[in-house]
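Me: Please walk me through the packing and the chain contact here. Keep it brisk.

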There are 2 protein chains.
Amino acid sequence: MTSPATDAQFSALLDATAGEIDRLLDRLLSSTPAEGEIARPARLIEAMRYATLGGGKRLRPLLTIESAALFGVPRERALMAGCALECVHCYSLVHDDLPAMDDDDMRRGKPTAHRKYDEATAILVGDSLLTFAFDLLSHRETHPDAAVRVALVAGLARSAGLGGMAGGQMLDLAAEGRYDATSLTEEQVVTLDTMKTGALIRFACIAGAILGQAPQSAHDALDRYGHALGQAFQIADDLLDIEGDAATLGKSTGKDAAHGKATLAGNLGVQGARERLAALIAQAERALDPFGANAATLRAAAHFVATRRA
Amino acid sequence: MTSPATDAQFSALLDATAGEIDRLLDRLLSSTPAEGEIARPARLIEAMRYATLGGGKRLRPLLTIESAALFGVPRERALMAGCALECVHCYSLVHDDLPAMDDDDMRRGKPTAHRKYDEATAILVGDSLLTFAFDLLSHRETHPDAAVRVALVAGLARSAGLGGMAGGQMLDLAAEGRYDATSLTEEQVVTLDTMKTGALIRFACIAGAILGQAPQSAHDALDRYGHALGQAFQIADDLLDIEGDAATLGKSTGKDAAHGKATLAGNLGVQGARERLAALIAQAERALDPFGANAATLRAAAHFVATRRA
């Protein structure tokens, strides 16, 4: 087994992938209506582009692309699925930033969509990006086999919907004490994190196996990897909110404590959270053992998640 | 050709279909997580049920079911697709009713979702219902052939997204003069209506042809029917807002004028709008000629749209 790529090499690869995703999203989110569309209203497409282009690490697409590469999936297919995942991720940021939700003014170093445009536009941007993700997955460009495309649709719907990401946001709001006085147990915080952040990251990894029509054992290995990585990502995010620098992050910090958000760092303390993070990263790396040296980039991704500063 | 069902017969059929849709939605929107879901948060599933069950004419599902029946599609498949369409319709109502959008307090004779719960919950209810619709279409229960399921996903995404329903809502808000001073031409109002209301109704009709793997000519006939019916539905809705009774409708009236909404009745006058409505209904009925007596219920549906009082 070769050693994993260095963080610098991984960062360069992540940037290059982000460039590819941006170029494809730029093409897909053009102002020209696609077949079956009547028109793409100028304000809506402009705001959708604002919310998706030029910013974002594109970690989820990278996970799909690198997982798919294990099975020799043509890169252009994985890029399409990656764009779908990124549309869902961006929709969730736009809606979560709304005044009625987390009420954030800055995102990726620029005003949030509802600050740049208005709330109504931001709601429609989120709705349209979510819908567009399913549109992309149904394209022949994503995969010639309809059974593969429909498996991606099913997986995305389950990971993004009421039993995944959207449900996790509901639990997150509830944990702020909006609806009931609450103090979440460690187990409840893990469930919240697994839904809100983990489900989509996990699906990003599984999507590569679906695209590659991988054997069940490889599918399960990527599932374990994605499951651990998703939890690790949220803990790292919580730690950055406590210890990070707002300018580097492009968003405000210290919000979790201010909003009374439930985080594992809150339950375990900063040191306990750091230990949990390390254990999850080790777990993620172990899950990649069956792929040997081929999974070096996915191993580097896990290391990146643990050590990122932005 | 037998004569179309009477309005009374049609209403009874619509009620019976609504009952079937309600029972299936009640089963699908249970609090038990489906495979691949982590949990269904109590507040979210309760609010999703509030926004979908017990109310609504279920016209879109009826159109899918009756179109599908032309091709001998098993009813349980059409009901699944019908539930998906109804989830999208209900999501659009929940989001359109939000304070930042049309700011409505009453819907189907009860408080709107954000009045009953809160804005954050209503946003998540809409997001989750939209996602759930794609989940339902990806089920094997909807159709055993993955190519059919993915065609439904593609069609729903195109009709509900930025180039269809969501885009139409953006045009609708713009036409209120929020972003630019505007006075829409007749052609622009037709585009708005075709996107905002027409696209989903049209797709409801086409979905039957997709489920039935219908020949292209039959698909095109249902497309023409759905296209005319969708426009007719919006004109009838505009006329009800001017002339209807709030208690019968279960929502407030006179809103279009108060909000400066663009409607064809505004461009053509009430009498002109009535004439356009009649012409569209005739067009919808003509499109059904190839199906002869088998399309009696779809003909009755067109008559119902033209004459409904609620």
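Me: Which residues in α2(B) meet α6(B)?
Reply: This is a predicted model: local features need pLDDT of at least 70, side-chain atom pairs count only at pLDDT 80 or more, and totals for chains, interfaces and linings use all residues. Residues are numbered from 1 along each chain as its sequence is written, with chains lettered from A and ligands numbered from 1 in the order in which they are written. Contact requires C-beta atoms, placed from the backbone, within 7 Å; helices are DSSP runs (H or I, at least four residues), numbered from the N terminus. On the α6(B) side are Thr121(B), Leu124(B), Val125(B), Ser128(B) and Leu129(B), and the α2(B) residues that meet them are Arg43(B), Leu44(B), Ala47(B), Met48(B), Ala51(B) and Thr52(B).

Me: How are α2(B) and α6(B) oriented to each other?
Reply: Their axes, lines fitted to C-alpha atoms over the stretch in contact, come within 9 Å and cross at roughly 75°. Angles of 65 to 115 degrees count as roughly perpendicular. So α2(B) and α6(B) are roughly perpendicular.

Me: Which element gives the most to the side of chain B that touches chain A?
Reply: The contact takes 53 residues from chain B and 53 residues from chain A. Elements giving two or more residues on the chain B side include α2 (42-52) and α9 (186-211). The one that gives the most, with twelve residues, is α6(B).

How values were computed: Two residues are in contact if their C-beta atoms, placed from the backbone, lie within 7 Å. Axes are lines fitted to C-alpha atoms, for helices over the stretch in contact, and angles run from 0 to 180 degrees between N-to-C directions. Angles under 35 degrees count as roughly parallel, over 145 as roughly antiparallel, 65 to 115 as roughly perpendicular and the rest as oblique.
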